[in-house]
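Here is a friendly walk through one protein model and its ligand. Have the viewer ready, and let us start with a single residue.

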Amino acid sequence: MARVFNFSAGPAVLPEEVLKKAAQELVEYGDTGMSVMEMSHRSTAFQSIIDDAESLLRDLMGIPDNYHVLFLQGGASLQFAMIPVNLMGKSGKCDFIHTGAWTKKALAEAKGIGTVNVLGSSEDKNYSYIPKTTTDQISKDAAYYYICSNNTIYGTRHNTLPDTGSVPIVADMSSNILSEEIDVSKYGLIFAGAQKNIGPAGVTIVIIRDDLSDKAPEDTPTMLKYSTHIKNKSMFNTPPTYGIYIAKLVFQWLKDNGGLKAIAKTNREKAGLIYDFLDKSSLFSGTTSPEDRSLMNIPFVTGSEELDKKFISLAQAEGLVNLKGHRSVGGMRASIYNAMPLEGVKALVAFMEKFQNQNS
Ligand code: PMP
């Protein structure tokens with residue numbers, strides 16, 4: 001069967017070139033005579049894979065020298081706990097912008113450690129927008145200010161950051177990391193599960209500013225301290241070696257294709273095609289507030305559950321798969337991460353148009 005256009009929210013589509021390169025190297029990597037999967041994480045061959053992955057990521061994102069890059073496990077969800085455990089510190093307080101299911105889970109973990117001030121929430125409208133915050137709302141003594149920069153389920157994203165002064169911004173970038181250029185120096189900590197724009201599930205990337213790296217209480221379990229992983233360069237224990245190798249190939253693919261400036265241009269073009277169609281459509285509509293629209297995840301509905309179901313199943317038959325929306329929003333969701341080709345989005349829009357003509 002030919003490859004489909006996979007609109008999955010995650011684990012998600014990977015660049016075909018990366019999969020092919022990995023297939024070529026699957027059994028024997030370079031002159032090692034073994035697969036990356038079979039290699040010691042302490043071997044020189046693997047050391048150069050993880051070093052390359054880190055330096056490519058630093059290069060792509062322009063990560064300053066006073067930030068550490070970690071390749072961890074436990075998914076983005078473990079970061080929901082590691083962040084408050086490590087950063088809450090003496091202040092015992094943090095500020096949150098609550099924008100959906102992922103901030104809800106992060107909030108629950110932070111509440112177990114200290115006081116959480118929710119500065120804004122979009123729960124009143126099923127998280128279809130990003131609540132605005134102003135600088136004067138930010139608690140001066142908060143240990144950090146927490147956002148989920150792109151809300152995978154609802155299709156919203158933070159387009160701007162408030163001036164938080166000396167309060168570090170912590171961002172869950174699981175579903176939009178590497179989708180466009182950002183100024184890393186505006187953040188104290190960035191984290192992302194790999195399974196959307198980075199590689200296969202199993203790797204979690206943490207980018208943490210040096211002054212935040214050693215704040216965990218003494219009695220914190222070793223594996224939960226950022227300082228453990230920093231001191232051991234992500235090799236305190238066996239890291240997810242194969243996932244890191246694929247991440248390295250994805251970073252190389254991004255670099256070879258013009259880096260984040262180029263991918264952002266394509267991402268804006270892809271998202272623009274869908275939003276322009278939705279804005280004009282007589283059948284489909286988007287579910288998020290226009291100024292907060294995500295470039296990565298686009299939920300949309302017909303207004304009829306029956307038509308939504310029909311759309312999803314006919315789309316699937318055309319090779320446009322995984323378009324079912326999350327149960328909390330309903331309808332459809334097109335996740336169009338970096339590796340979704342422009343042709344995939346064009347095929348989706350053409351199919352939406354055809355479906356609209358036949359069903360309205
Ligand atoms: N944050 C965001 C924005 C997500 O989209 C997800 C999962 N898709 C998570 C956190 C949880 O990630 P994980 O399953 O890696 O723990």
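## Asn151 and its contacts

Beyond its neighbours within four places in sequence, Asn151 is in contact with Thr99, Gly100, Ile130 and Thr156, where contact means heavy atoms within 4.5 Å. Asn151 sits in strand 6, which covers residues 150–151. Asn151 counts as buried because its relative accessibility is 2%. The cut-offs are under 20% relative accessible area for buried, over 50% for exposed and in between for partly exposed, with a 1.4 Å probe and protein chains only.

A word on the source: this is a predicted model, in which local features need pLDDT of at least 70 and side-chain atom pairs count only at pLDDT 80 or more, while totals for chains, interfaces and linings use all residues. Residues are numbered from 1 along each chain as its sequence is written, and side-chain values use heavy atoms, with hydrogens and water left out.

## The loop between strands 4 and 5

Ser122 lies in the loop that runs between strand 4 (115–121) and strand 5 (145–148). Is Ser122 buried or exposed? With a relative accessibility of 0%, Ser122 is buried. A polar atom of the Ser122 side chain is 3.0 Å from the backbone oxygen of Tyr129. That is a polar contact, meaning a pair of N or O atoms within 3.5 Å; within protein, one must be able to donate a hydrogen and the other to accept it, and residues adjacent in sequence count only if both atoms are side-chain atoms. Leaving aside neighbours within four places in sequence, the contacts of Ser122 are His98, Thr99, Tyr127, Ser128, Tyr129 and Pro131.

Asn126 belongs to the loop between strand 4 and strand 5, and its relative accessibility of 38% makes it partly exposed. Which residues does Asn126 touch, apart from its neighbours within four places in sequence? They are Tyr154, Ser328 and Val329. Asn126 and Gly100 are 26 residues apart along the chain, and their C-alpha atoms are separated by 7.9 Å.

## Backbone details

Tyr127, in the loop between strand 4 and strand 5, has a phi near 55°, a positive value in a residue other than glycine. Tyr127 is buried, at a relative accessible area of 6%. Leu178 also has a positive phi in a residue other than glycine, near 65°. Leu178 is in the loop between strand 8 (169–172) and strand 9 (189–193), and its relative accessible area of 3% puts it among buried residues.

One more backbone feature to look at is the peptide bond from Gly10 to Pro11, which is cis with omega near -10°. Pro11 is placed in the loop between strand 1 (5–6) and helix 1 (16–25).

## Around the ligand

The shell around the ligand consists of Gly75, Ala76, Ser77, Phe80, Trp102, Cys148, Asn150, Thr152, Asp172, Ser174, Gln195 and Lys196, each having a heavy atom within 4 Å of the ligand. Helix 3 (residues 75–87) contributes the most to this shell, with four residues. By class, the shell has four nonpolar, six polar and two charged residues; Ala, Val, Leu, Ile, Met, Phe, Trp, Tyr, Cys and Pro count as nonpolar, Asp, Glu, Lys and Arg as charged, and the others, Gly among them, as polar.

A polar side-chain atom of Lys196 is 2.7 Å from a nitrogen atom of the ligand. An N or O atom in the Gln195 side chain lies 3.0 Å from a ligand oxygen atom, and a polar side-chain atom of Trp102 is 3.4 Å from an oxygen atom of the ligand. Taken alone, the ligand exposes 390 Å², and the protein buries 85% of that. These areas follow the Shrake-Rupley method with a 1.4 Å probe; for residues, only the protein chains shown count as cover.

## The whole chain

The protein chain has nine helices and 14 strands. Its radius of gyration is 21 Å, close to the 21 Å that the globule rule gives for 360 residues, so the chain is as compact as a globular protein of that length. The radius is taken over C-alpha atoms, and the rule is 2.2 Å times the number of residues to the power 0.38. Buried residues make up 56% of the 360 residues.

Notes: Helix = DSSP H or I, 4+ residues; strand = E, 2+ residues; numbered from the N terminus.
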